[in-house]
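Please look over the sequence and the model below before reading on.

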Amino acid sequence: MSAAPVIESLSPESLHLDWLRFKPPCRRWRAAIGAATLALAICQLSACALTSSAPPAPAAAAPAASAVTPATTAMLAALADRERSLRSVQSEAIMEYSAADGHHFRTHEEIALARPASMRVEAVAPFGATMVLAADDAGRLMIFDPSKNVLMSGGANAATLERYVRIPLAPPAAVDLLMGLAPDPAELATPPDSVNDTEGMTVALWHLADGGTRELGFSGGQLAMVRERDNGGGQRYEVHYSDWRDTSAISFPHKVEADFPASRITLRYEAPALNTTLAPALFVLTPAPGTRQISIDAGASAAPGAAG
């Protein structure tokens with residue numbers, strides 16, 4: 001009987017084939033990182049004159065939140081229509097990545113996204129893939145390094161995506177945001193708590209159950225921004241969309257700029273194909289004999305076994 005395979009566990013500190021430390025062969029560019037500023041609204045209250053012979057005048061009413069206009073309702077309805085009609089995206093893309101620690105690279109990628117939670121990203125060099133990341137609807141995350149013939153795998157969730165690709169989002173939200181959709185489509189069925197014209201956009205805001213807020217910004221009738229803050233006002237992420245074009249009768253953003261606390265990603269889709277049939281096997285990396293497997297789950301195991 002052969003011996004049981006050795007179980008290995010991986011931590012970010014011991015990870016020598018970190019997805020983010022990959023340095024592609026193409027030239028590095030410097031990304032200009034801009035920070036959006038918020039305008040503060042100043043409210044003035046009128047003073048009321050009082051006399052001894054007359055009752056006090058009624059206090060001035062506090063300004064009410066902006067009403068949800070028919071134009072805002074139409075934009076939210078159009079976004080909900082896109083959510084119902086868009087199932088998958090497959091495209092080549094140029095990705096620029098910048099980290100808070102100064103790490104930066106630019107690479108050509110092949111991207112496949114399928115709702116609700118499947119994604120596959122291949123960093124491509126002239127002689128083939130140099131790194132492959134995949135997550136499937138079953139909640140598995142796999143990262144394959146062909147140069148070392150090493151496959152890392154574990155649970156696909158916000159914690160593992162943040163640890164290994166610096167994107168602090170659960171796969172369903174990440175997939176929807178990369179497709180230019182609201183991170184919680186069900187939210188579109190409820191009216192926003194407030195609507196304001198700011199930053200050159202019409203911004204609808206919802207209060208979240210955890211005390212935070214989520215904002216959807218619209219410009220020219222299209223989704224231009226999604227932003228989420230925690231209950232202390234700290235920004236969890238901010239994503240901007242531009243270069244909207246009609247593709248297969250569906251409007252789709254060809255440029256996505258995402259800011260997270262520890263990273264910034266700019267993604268330019270080159271020729272997105274929408275709603276093509278993507279086989280579930282595309283989002284599963286199967287190790288070949290000899291592939292070294294490493295678990296990224298604490299206390300989990302993996303065994304020696306090219307992934308494809």
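Does His108 count as buried, partly exposed or exposed? In this predicted model, His108 counts as partly exposed because its relative accessibility is 23%, and buried would mean under 20%.

**His108 and its surroundings**
- His108 has its place in strand E2, and its side chain is joined to that of Glu92 by a polar contact of 3.4 Å.
- Leaving out residues up to four places away in sequence, His108 touches Glu92, Ala93, Ile94, Glu122, Ala123, Val124 and Glu270.
- Although His108 and Met95 are 13 residues apart in sequence, their C-alpha atoms are 6.3 Å apart in space.

**The largest cavity**
- The largest cavity holds about 400 Å³ of space, and among the 24 residues that line it, Met119, Val121, Ile167, Leu178 and Ile265 lie nearest its centre.
- Elements that give two or more residues to this lining include strand E1 (88-99), helix H2 (158-165) and helix H3 (171-178), while E2 gives the most, with four residues.
- By class, the lining of the largest cavity has 23 nonpolar residues, one charged residue and no polar ones.

**The nonpolar cores**
- The largest nonpolar core has 58 residues, of which Leu86, Met179, Leu216, Leu223, Tyr241 and Tyr269 touch the most other members.
- Apart from neighbours within four places in sequence, Leu86 is in contact with Arg115, Met179, Leu181, Ile250, Phe252, Leu274 and Asn275.

Key: Residues numbered from 1 in each chain as written. Predicted model: local features only at pLDDT ≥ 70, side-chain atom pairs only at ≥ 80, totals over all residues. Heavy atoms only, no water. Core = buried A, V, L, I, M, F, W, Y, C linked by side-chain atoms within 4.5 Å. Buried < 20%, exposed > 50% of the residue type's maximum accessible area, 1.4 Å probe, protein only. Contact = heavy atoms within 4.5 Å. 1 Å grid on protein atoms, 1.4 Å probe; cavity = no way out; pocket = protein on both sides within 12 Å on 5 of 7 lines; lining within 4 Å. Points joined across faces, edges and corners; volume = space filled by probe spheres on them. Nonpolar A, V, L, I, M, F, W, Y, C, P; charged D, E, K, R; others polar. Polar contact = N/O pair within 3.5 Å; in protein donor to acceptor, adjacent residues only side chain to side chain.
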